[in-house]
Amino acid sequence: MQNLFQMKKRLLFGFLIVKSTLFFGQSVIKTIQLLPDTGQTTTYTATFGEDQDYLINTPSYTNNGNGTITDNVTGLMWQQVDGGEMTIENATIYCNDLSLGGFSDWRLPTPIESFSILNHQNTNPALNTTYFTLTAAEYWWTSVYEKDSTTKVWCTNAGGGIGNHPKTETISAGGTKKFHARAVRNPIPTATIANHFTDNGDGTITDNLTQLIWQKTPNSTAQTWEQALAYAEGLTIGSSSDWRLPNIKELQSLNNELATNPSVFAPYFSSLGIHNYWSSTTLPNQTLSAWYWNTIFGITTYSIKTNTNYVLCVRGNPVLAINKFNNTSSIEVFQNPFHSNIKLKSLSGNENFELYSNLGQLIYKGKSIENQDFSALPNGIYFLINSDKRTSISKLIKE
């Protein structure tokens, strides 16, 4: 009975991630701390702006020595050796029932989670096999089905892409391909972000999940890959000129798997239409080709760089709140750790404060911080900022 309850709870958790993240596009459950870089470190052109020119949150892993791998960028914990070939139905049961490393809260990953561990400097498999044990897998299941379908499932592949596949393609369902299951869990408590996206009113959109800032309206003319790199590097919107062509992980993070034609989050990216959008990421075993994102369903695939596709630019260098906030506070914390109320010294009673989680989520903004009850917050690290004095920051621990 307990195992059945745990399974239902995990299925509900996955359902909530899907519904809030993919369909509504308003609130989103943050299961990853940051979006990792693709791992591409090789130069393929003299034109500045390709993937390896921007190394943001380079992949980093820890082997826990118990059959699990921790991704130090996303904070997710992964099964080191995938569970082998199986149907999607059995993959769901397998992950929910898995007991590994002393943990039993395993599940199938969402598409953005599964795509996050791919390494686009490698191919077949596009994984870091120093940490993830090599298997015969050609594809890995995710927990999300194609929109309005009970027969097609989103899967990452050993070549480095992601797409929607008939579940009958796997050997166990009568097909000829090897679809494997790799389980994931959240060691760090998840957080709900009230607004997935923010329209900044200046031609840009902020993704509050990844902390990236996007060009709202793409360029109107299809370009070659080299032209796309140059266009992004020369773009200025408002007062910002640090735009770049997104890598394939950044681009794929915009995909809405529960929308089609286009597979975007409306209304924020309705202007994208149905097109192919270049990424800055080269195919390492076919260096004349680069990855792109297609918005009919949202697959990532590749084409020759001299072909023309559309361009959507990005900017930002997301970092963890713990790295962004220096613990050099001019506020003297009276009670730390705290349990429900935050007690401070030297208050005039009229200060404005902001309380952030370790993932950068804004918890509270306003006056009378001492009167707020934070007992419902999960234990962990928080940061308190005096909004009137931005250099005044306190690191707090809730127990």
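**Salt bridges in close-up**

A search of the whole structure, a predicted model, finds nine salt bridges. Side chains of opposite charge can pair when their charged atoms come close.

**View 1. Arg182 and Asp82 form a salt bridge.** The closest N and O atoms are 4.0 Å apart. The partners come from distant parts of the chain, 100 residues apart. Arg182 sits in the loop between strand E8 (179-180) and strand E9 (184-185). Asp82 sits in the loop between strand E4 (77-79) and helix H2 (88-97). Arg182 has a relative accessible area of 3%, so this residue is buried. Asp82 is buried too, with a relative accessible area of 7%.

**View 2. Arg185 pairs with Asp105 in a salt bridge.** Here the closest N and O atoms lie 2.7 Å apart. Arg185 belongs to strand E9. Asp105 is in the loop between H2 and helix H3 (111-116). The pair links distant parts of the chain, 80 residues apart. Arg185 counts as buried because its relative accessibility is 7%, under the 20% cut-off. Asp105, at 34%, counts as partly exposed.

**View 3. Asp242 and Arg315 meet through their side chains in a salt bridge.** The N to O distance is 2.6 Å. Asp242 lies in the loop between helix H4 (225-233) and helix H5 (248-252). Arg315 lies in strand E17 (residues 314-315), so the pair ties together parts that are 73 residues apart in sequence. Is Asp242 buried or partly exposed? Asp242 is partly exposed, with a relative accessible area of 43%. Arg315 is buried, at 19%.

How values were computed:
Residues numbered from 1 in each chain as written. Predicted model: local features only at pLDDT ≥ 70, side-chain atom pairs only at ≥ 80, totals over all residues. Heavy atoms only, no water. Helix = DSSP H or I, 4+ residues; strand = E, 2+ residues; numbered from the N terminus. Buried < 20%, exposed > 50% of the residue type's maximum accessible area, 1.4 Å probe, protein only.
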